[in-house]
Amino acid sequence: MKTINLIKKLMLALPITLLVSCHDDLDQDPKIDPNNFTENDVFANADEARGAIAKLYASLALTGQEGPSGKPDITSIDEGTSQYSRMLFNLNELTTDNAVVSWGDPGLPDLHAMNWEAGNIFTTAMYYRLAQEVSFCNSFINNAESLSDNSEVGYYIAEARFLRAFAYYNLIDLYANIPIVTEVSTALPAQNSREEVFDFVESELLDIQDQLKESGANEYGRVDRVAAWALLSKLYLNAETWVNEDRYTDAIAYAQQTINSSYAINTTDANGNGSAYDELFLADNNSNGAQKEFIFVLNFDGNNSRTYGGTSFLVHAAIGGSMTASDYGVNGGWEGLRTTKALVSKFDYAITETDEDGNPIAWSDRRAMFYTDGQNLEINTIANTFSDGYAVVKFSNIDSQGNSGSDEAGNFTDTDLPLIRLADIYLVYAEAVTRGGSGGDLQTATNYINELRERAFGNNTGNISSSDVNLDLILNERARELYWEGQRRTDLIRFNKFTSANYLWPFKGGIRPGTSVSEYREIFPLPSNIISINPNLTQNSGY
């Protein structure tokens with residue numbers, strides 16, 4: 001059974017409700033009950049504030065006051081669907097070559113087909129979730145300042161500012177031009193440009209980097225200053241795409257600071273073997289060695305932090321067909337998620353076994369975590385057809401010793417979900433060097449890539465040389481290392497392959513061979529009801 005760490009205990013001890021009397025920071029339309037828990041309860045002393053900081057983390061991991069359903073933070077949306085990382089998967093993976101889903105919920109098929117509109121419930125739900133996180137953080141920061149003479153509360157405030165900056169990082173990426181709000185207010189906010197939001201996130205992270213705890217000094221599940229460096233490196237990597245600024249030199253500098261910290265790639269698994277990639281996504285990844293790679297992580301516990309999002313979604317939804325759910329530590333499959341041959345083909349160089357039709361079924365690169373029995377590599381039909389497309393078994397509710405997670409019923413998982421891990425920053429460094437940033441070098445970039453590939457292969461047979469490193473290799477390496485971790489759409493946009501005809505995948509644009517779509521779909525629409533509420537807001541172009 002997984003030991004529940006402190007942040008999970010605090011998340012569950014604190015009612016999952018609003019901390020203040022009003023919550024209109026980004027014009028949320030689904031309402032949240034403001035009267036269940038007040039700032040007077042939360043900020044009576046530093047110990048109470050310590051519990052309140054958990055709410056800010058919980059807002060990204062959980063969905064309501066009771067558990068998986070019953071008293072949602074946000075109404076008018078299915079509670080399980082509204083969870084942050086489930087929405088991140090829907091918007092950043094399901095819209096790409098990495099995933100399709102067989103379910104026909106209104107608006108869901110439109111994501112992979114890339115024909116969503118402003119009223120799409122899934123693009124709307126993510127905006128609400130991020131708006132709520134901003135609002136919770138604003139409330140905490142404003143109220144905790146009365147206790148700021150306590151050094152520990154000073155760390156809490158810095159963490160809240162990081163989480164707010166992280167929410168705005170997502171908002172820049174997904175919606176571009178949105179209000180910057182730093183105070184709890186009922187006033188309708190003005191709209192800010194993408195450039196202004198970028199500058200705000202940058203200034204916040206730069207300001208708090210030395211106010212957060214030292215590398216590795218915080219408890220597992222809470223961020224330290226390395227998280228600020230890592231997020232800065234990712235912000236700068238996307239600067240040319242988002243704000244038309246070349247910041248690759250800055251991306252290298254902050255990636256290197258992150259890499260030089262106390263975090264490390266998990267290269268040896270709990271059983272002493274050379275390959276430990278799979279341990280990053282097992283039920284005991286908070287303690288099996290994987291945790292040393294996690295810079296920012298969402299914590300889940302099958303008994304004490306229950307949600308139909310998070311890794312419970314990633315495990316259950318990917319099981320169907322001839323798969324045995326107990327092999328993955330759960331009680332059943334939802335027969336939804338699969339991947340396309342476009343992702344599978346990224347591992348063609350590592351095929352070790354094929355079936356009688358020549359389809360790959362085994363790979364020497366152990367990051368190729370696909371279930372193929374009874375599954376078709378080709379996708380002919382998405383809706384209501386689990387057998388078309390390989391299943392992905394990257395996430396599991398089995399621990400490194402083969403035991404199932406703590407929920408004996410098998411409904412909810414213990415597996416934590418990394419939002420930023422060191423391997424990603426290795427690839428940020430390599431890409432920024434390849435794009436011409438200064439302060440790094442190609443051989444170091446090559447070494448970082450090879451460290452990841454050696455973990456994947458268990459030896460150096462998959463290593464590359466510096467002459468092999470180019471942008472196409474890096475994009476493919478990001479696909480192999482980071483698939484289903486909520487990064488793919490952002491990556492494809494940065495490489496001009498998301499909407500264009502430069503790269504096609506099955507059913508891109510809604511047709512089987514794939515087709516290009518309008519460039520405006522690189523940004524999602526602001527929710528239509530938010531536009532109607534606030535005359536200060538202008539809808540994103542194309543919607």
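What follows is a short exchange about cavities.

Modeller: This is a predicted model, in which local features need pLDDT of at least 70 and side-chain atom pairs count only at pLDDT 80 or more, while totals for chains, interfaces and linings use all residues. Residues are numbered from 1 along each chain as its sequence is written, and side-chain values use heavy atoms, with hydrogens and water left out.

Colleague: How many cavities of 30 Å³ or more does a search of the whole structure find?

Modeller: A cavity is a set of points on a 1 Å grid over the protein atoms alone where a 1.4 Å probe fits but cannot get out. Its volume is the space filled by probe spheres set on the points, which are joined across faces, edges and corners. With a limit of 30 Å³ or more, the number found is 4.

Colleague: Which helix gives the most residues to the lining of the largest cavity?

Modeller: The largest cavity holds about 230 Å³ of space, and its lining (residues with an atom within 4 Å of a point) has 22 residues. Elements giving two or more of them include helix H4 (84-92), helix H7 (151-175) and strand E8 (417-421); helices (H or I, at least four residues) and strands (E, at least two) are DSSP runs, numbered from the N terminus. The most, 4 residues, come from H7.

Colleague: Which element supplies the largest share of the lining of the second largest cavity?

Modeller: About 80 Å³ of space lies in this second cavity, and Ser85 and Trp484 are among the residues closest to its centre. At least two lining residues each come from H4, helix H12 (310-316) and E8. The largest share, 4 residues, is that of H4.

Technical notes: 1 Å grid on protein atoms, 1.4 Å probe; cavity = no way out; pocket = protein on both sides within 12 Å on 5 of 7 lines; lining within 4 Å.
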